[in-house]
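User: Please walk me through how the labels on this model are assigned. I want each value set against its cut-off.

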Amino acid sequence: MIEDLRKSETWRVFRIQSELVDGFETLFEIGPAVTIFGSARLTEDTYYYHQAIKVGKMLSSAGFSVITGGGAGIMEAANKGAKMGNKGKSVGLNIEIPHEQHPNKYLDVNISFRYFFVRKLMFIKYAMAFVIFPGGFGTMDELFEALTLVQTGKIQSFPIILFGSDYWKGLIEWMKHTLVPEGTIGREDFALFSIVDTPEEVCELLKEHYRVFGGPVPIGECKNTK
């Protein structure tokens, strides 16, 4: 039985390697991209769904590819907007989970992953910015993963943008009034992210970041196309 387990673990390494290679080869040529996260449970009758469409459309119209988790809700909305913008690719990085997540119908590129950590690597590696819409545990996981990597210097600082101040204010207040006084984070860590309420603010933050830090990004035409 121990020998069977050893063989199983060895083959798992090859499955992981296969997912890495597939992700690298598929995403290498998508060009400048922004990853958008958010809840699969926020449907088309919600405010944030329609805001995600606008953000996806504006980014795609500017030439960015839009990367999401490939599922429903905010992910679907952002991919739908990317298709409407029609200049950047609409990309979905799906995950195999017990309650099956089906790819939405607005994808130009669709990759399915078995391992969360491989999928998370692809989100980070191929995005020039993160836009975080309201979401649950998965969205929080991606947010704090990005903040940790930037805070510890494991990756170069890049825009991490929280969309919807009403949704995020409770978390931010808790961080300010609990984490900072306890000394578990510093006040300077709040510079790692921004909070916005409009698609236009997303574009302005991208423009400002790349005006300061440089980079060949197509942000000149990032504007409201309605």
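**Helix packing and aromatic pairs**

Analyst: The axes of helix 4 (residues 116–125) and helix 5 (residues 137–151) come within 11 Å and cross at roughly 60°. This is a predicted model: local features need pLDDT of at least 70, side-chain atom pairs count only at pLDDT 80 or more, and totals for chains, interfaces and linings use all residues. Residues are numbered from 1 along each chain as its sequence is written, and side-chain values use heavy atoms, without hydrogens and water.

User: Why are helix 4 and helix 5 called oblique to each other?

Analyst: The crossing angle is roughly 60°. Angles under 35 degrees count as roughly parallel, over 145 as roughly antiparallel, 65 to 115 as roughly perpendicular and the rest as oblique. Helix 4 and helix 5 are therefore oblique.

User: What makes the pair of Phe37 and Phe130 edge-to-face?

Analyst: Rings of Phe, Tyr and Trp (its six-membered ring) pair if their centres lie within 6.5 Å; planes under 30 degrees apart are stacked, over 60 edge-to-face, the rest tilted. For Phe37 and Phe130, the centres are 4.9 Å apart and the planes at 80°, so the pair is edge-to-face. Phe37 lies in strand 1 (residues 33–37) and Phe130 in strand 5 (residues 129–132), 93 residues apart.

User: How do you know whether Phe130 is buried or exposed?

Analyst: Buried means under 20% relative accessible area, exposed over 50%, partly exposed in between (1.4 Å probe, protein chains only). Phe130 has 0%, so Phe130 is buried. Phe37, at 6%, also counts as buried.

How values were computed
Axes fitted to C-alpha atoms, helices over the stretch in contact; angles between N-to-C directions. Helix = DSSP H or I, 4+ residues; strand = E, 2+ residues; numbered from the N terminus.
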